[in-house]
Amino acid sequence: MSQTQDVAILVPGKLHPHAVERIESRFRLVRIERADPALLTDAMKAKVRGIASSTVIDAGFIDALPKLEIIANFGVGYDAVDAAHAGKKDVMVTNTPDVLTEEVADTALGLLLNAVRELARAENYLRAGKWRSEGPYPLTKGSLRGRSVGIFGMGRIGRAIARRIEAFGLPVSYHNRRPVDDVNYAYYPTLISLAEAVDTLISVAPGGGATEKAVNAQVLKALGPNGVFVNIGRGSTVDEDALAEALANGGILAAGLDVFADEPNVPQALLDCENATLLPHVGSASVVTRQAMADLVVDNLIAWFEEGKPVTPVRETEHVQARR
Ligand code: 8YV
């Protein structure tokens with residue numbers, strides 16, 4: 001029997017089935033419907049040492065589990081987990097970087113191309129029989145040619161997007177909390193200065209207080225009437241009302257959005273915009289990539305309980321030591 005067989009791992013809400021299967025084979029799996037302290041029995045409170053989740057884990061839930069050592073988050077973005085609080089309580093938090101980088105970057109380019117060249121709308125035109133009845137699809141106002149691309153968030157995914165943009169023959173610049181050493185793209189110390197310098201903005205920024213509604217009316221205005229905005233990061237980073245208004249009134253040309261502030265609810269004002277390409281948060285959603293993310297969630301749990309060191313700890317909890 002493996003040494004982890006007695007360790008209770010709690011899965012609140014839905015989790016990728018491959019992760020659930022692997023947890024069940026290595027640990028004692030405990031499931032509840034959602035991450036609500038009211039659903040925790042005394043036995044769970046006494047036993048649970050790990051959480052695997054893709055849902056909100058707040059400070060109250062962390063505090064309700066006194067034996068908790070690790071929260072393994074499914075996803076590279078971990079804004080749903082109160083990692084700062086976890087760090088204070090000596091609870092490790094892990095995420096799933098790297099394994100989804102190229103997939104998410106591919107999706108970002110798909111969104112950009114679709115927003116600019118109206119591919120989905122052109123396909124709908126064909127399927128509606130209009131090619132035959134009305135002739136060729138109207139020429140698109142937008143083109144990728146001649147664009148200048150700004151990337152908001154130059155982490156792993158930002159770099160993978162930048163490499164692709166370079167291959168498309170377009171100049172890249174970026175805004176990030178601080179300049180990154182190993183890229184040669186022009187750095188702008190503020191988002192507004194980046195938006196003033198480019199006509200195409202791709203946001204890969206993480207969620208959380210520091211980026212809340214960072215893409216606001218002023219930033220969109222700076223992009224200008226030929227502006228294109230793509231968001232593959234988090235919906236919370238955008239003022240969605242301002243974005244819908246800019247799209248409706250010609251403030252910018254088009255947008256491609258994979259993420260929204262209140263998923264799965266998409267504001268009606270955005271649904272009303274024909275110049276917005278809207279996807280249901282599918283950036284990493286291929287079978288192969290989600291399987292790799294599920295594996296990394298469980299590999300983190302195994303590494304923590306067997307070796308006392310997780311594979312991919314998040315910055316806020318890097319200091320946390322195994323309790324033995
Ligand atoms: C997933 C994501 O859709 O990794 C992330 O941060 O947003 C996506 O890959 C999400 O984590 C699934 O819960």
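In strand β7, V172 is the bridge partner of V149. Strand β6 (residues 149-152) and strand β7 (residues 172-175) are paired in the parallel sense over four bridges; two strands pair if DSSP finds at least two bridges between them. Strands (E, at least two residues) and helices (H or I, at least four) are DSSP runs numbered from the N terminus. The structure is a predicted model, in which local features need pLDDT of at least 70 and side-chain atom pairs count only at pLDDT 80 or more, while totals for chains, interfaces and linings use all residues. Residues are numbered from 1 along each chain as its sequence is written, and side-chain values use heavy atoms, with hydrogens and water left out.

The pair β6 and β7 belongs to an open sheet of seven strands with parallel pairing, in the order β8-β7-β6-β9-β10-β11-β12. The edges are formed by β8 (186-187) and β12 (276-278); each has a single partner strand, so one side of each lacks a neighbour in the sheet. Helix α5 (residues 101-117) packs on this sheet and touches β9 (200-203), β10 (228-231), β11 (254-257) and β12, contact meaning heavy atoms within 4.5 Å. The direction of α5 makes about 150 degrees with that of β10; axes are lines fitted to C-alpha atoms, for helices over the stretch in contact, and angles run from 0 to 180 degrees between N-to-C directions. Helix α11 (residues 240-248) also packs on the sheet, touching β10, β11 and β12, and its direction makes about 140 degrees with that of β11.

A second sheet is described next. Five strands form this open sheet with parallel pairing, in the order β2-β1-β3-β4-β5. Because β2 (28-32) and β5 (92-94) stand at the edges with a single partner strand each, one side of each is left without a neighbour in the sheet. From one strand to the next, the twist averages 20 degrees. Strand β1 (residues 8-12) runs parallel to β2 and is joined to it by five bridges, with L10 opposite V30 in β2. Helix α1 (residues 17-26) packs on the sheet, touching β1, β2 and β3 (48-53), and its direction makes about 135 degrees with that of β2. Helix α13 (residues 287-307) touches β1, β3, β4 (70-73) and β5 as it packs on the sheet, at about 160 degrees to the direction of β4.

Two loops contain backbone features of note. Most residues other than glycine have a negative phi, and most peptide bonds are trans. E118, in the loop between α5 and α6 (119-127), has a positive phi near 55 degrees. A cis peptide bond with omega of about 5 degrees joins E263 and P264, and P264 is found in the loop between β11 and α12 (268-271).

The ligand is surrounded by residues including S54, F74, L100, R234, H281, S284 and M293, each with a heavy atom within 4 Å of it. This shell divides into four nonpolar, five polar and two charged residues; Ala, Val, Leu, Ile, Met, Phe, Trp, Tyr, Cys and Pro count as nonpolar, Asp, Glu, Lys and Arg as charged, and the others, Gly among them, as polar. An oxygen atom of the ligand lies 2.6 Å from a side-chain N or O atom of S284, and a polar side-chain atom of H281 lies 2.7 Å from a ligand oxygen atom.

Terms used:
Polar contact = N/O pair within 3.5 Å; in protein donor to acceptor, adjacent residues only side chain to side chain.
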